[in-house]
Amino acid sequence: MNQQIATLQQEALEQLSEAVELSELENLRVAYLGKKGSITALLKGMKDLSHEERKTFGAEVNELKELVTQEIEKKTAELKEAEIKKEIASMPLIDVTAPMNAESGSYHPITLVQRQCETIFKSMGFNVEDYSEVVTDYECFESLNIPKHHPARDMQDTYYLENGQLLKSQTSAAQNAILKKYGKELIENGRPIKAIFPGRCFRNEATDACHENTFFQMEGVMVDKDISISNLIFFMKTMLSEVFRKDIKVRLRPGFFPFVEPGFELDISCLICGGEGCPSCKHSGWLELCPCGMIHPNVLSEGGIDPEKYTGFAFGLGLTRLAMMKYGVKDIRDLNSGKLKALSQFTDDE
């Protein structure tokens with residue numbers, strides 16, 4: 001090796017080994033590898049060498065450059081790890097065995113209502129499923145009998161992503177997957193499909209006391225032979241009476257949803273104003289709680305279920321509005337506000 005290169009290598013490695021700060025490493029990198037660095041300067045002096053000498057000298061300089069680069073990267077990793085250990089050592093010790101302060105927080109009211117509904121439906125034989133918040137157009141619309149350019153899409157101002165997927169605007173987006181998941185048991189063993197799937201939904205719409213752009217629903221389906229509207233009413237009435245611990249006045253009115261036929265809007269008498277009318281119920285005395293109906297034959301077929309043999313109902317329970325009614329929350333926007341003063345008053349009363 002050229003004596004000049006050997007001397008520079010020894011010097012560089014000694015200085016790198018003695019560095020104790022990341023700033024020192026950066027200064028050494030510039031001093032040796034920068035545009036005006038010592039190693040870079042070696043290459044500039046090659047013009048006075050013969051062709052064969054340039055080949056040998058250039059190869060040795062490149063080896064030195066690679067060696068110094070690797071040593072700087074290695075030393076950088078060591079110093080960063082040392083900094084992390086130093087920071088950890090300086091942190092105050094936390095006794096993870098210390099008892100928790102049970103009064104330090106409480107569950108969100110929507111979480112409480114969701115868990116209560118899950119318990120009620122599980123007691124009636126329903127499976128509880130989970131589903132992604134980011135779905136495809138097929139899941140959210142086409143599998144639900146809503147083809148492209150269908151006017152029903154105008155009812156939901158959807159958040160689309162750059163990759164063509166979207167934030168689900170309704171928990172119904174999971175229906176197709178649920179029908180396919182449990183359809184085999186229904187067909188081969190005669191076991192009815194009974195499932196609920198709660199989740200967060202998103203719609204780009206104006207907010208007011210009873211509308212939010214982010215809200216929670218709980219979808220539910222039941223499919224078997226001879227399922228009718230009366231089954232739907234029974235399960236919904238049972239659920240509501242358990243949640244509110246009293247009989248709740250409800251009404252069914254016709255509603256259009258492409259994935260059910262016939263379709264209904266299930267409303268409950270507003271518990272905030274007692275049915276007299278207030279901003280939460282748009283002064284109607286009623287609060288829309290649950291779009292529902294008999295699953296459309298096209299949706300059953302898309303899910304692999306023969307609509308000639310089986311029928312079923314589906315509902316989209318508004319968990320956010322249910323929480324409003326249960327806890328007397330007058331403005332839906334308070335639930336997503338993060339206002340601890342408003343939310344900390346709720347505790348699990350189960």
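**Exercise 1. Find which residues of α8 meet which residues of α10, and say how the two helices are oriented.**

Step 1. List the contacts (heavy atoms within 4.5 Å). Met239, Leu240, Val243 and Phe244 in α8 meet Leu322, Met325 and Lys326 in α10.

Step 2. Place the helices. Helices here are DSSP runs of H or I, at least four residues, and strands are runs of E, at least two, numbered from the N terminus. Helix α10 covers residues 319–327, and α8 covers residues 229–244.

Step 3. Read the geometry. The axes of α8 and α10 are 10 Å apart, and the packing angle is about 40°. Axes are lines fitted to C-alpha atoms, for helices over the stretch in contact; angles run from 0 to 180 degrees between N-to-C directions.

Step 4. Classify. Angles under 35 degrees count as roughly parallel, over 145 as roughly antiparallel, 65 to 115 as roughly perpendicular and the rest as oblique. α8 and α10 are therefore oblique to each other.

The model is predicted: local features need pLDDT of at least 70, side-chain atom pairs count only at pLDDT 80 or more, and totals for chains, interfaces and linings use all residues. Residues are numbered from 1 along each chain as its sequence is written, and side-chain values use heavy atoms, without hydrogens and water.

**Exercise 2. Classify the packing of α5 against α10.**

Step 1. Helix α5 spans residues 109–123; its axis is 9 Å from that of α10, at an angle of about 100°. That makes α5 roughly perpendicular to α10.

Step 2. Check the contacts. Residues of α5 including Pro109, Ile110 and Cys117 meet residues of α10, among them Leu319, Ala323 and Tyr327.

**Exercise 3. Locate the buried residues of α8.**

Step 1. Buried means under 20% relative accessible area, exposed over 50%, partly exposed in between (1.4 Å probe, protein chains only). In α8, Leu232, Phe235, Met236, Met239, Leu240, Val243 and Phe244 are buried.

Step 2. They lie on the same side of α8, because they cover an arc of only 145° around the axis. The arc is that of the directions from the helix axis to the C-beta atoms.

Step 3. Look past the end. Just after α8, Arg245 takes a positive phi of about 60°.

**Exercise 4. Describe the surroundings of Tyr160.**

Step 1. Tyr160 sits in the loop between α6 (137–140) and β3 (166–167).

Step 2. Tyr160 is partly exposed, at 46% relative accessible area.

Step 3. Leaving out residues up to four places away in sequence, Tyr160 touches Asp137, Phe141, Arg153, Gln165 and Leu166. Asp137 is 23 residues from Tyr160 along the chain, and their C-alpha atoms are separated by 9.2 Å.

Methods:
The expected span of a helix is 1.5 Å times one less than its number of residues.
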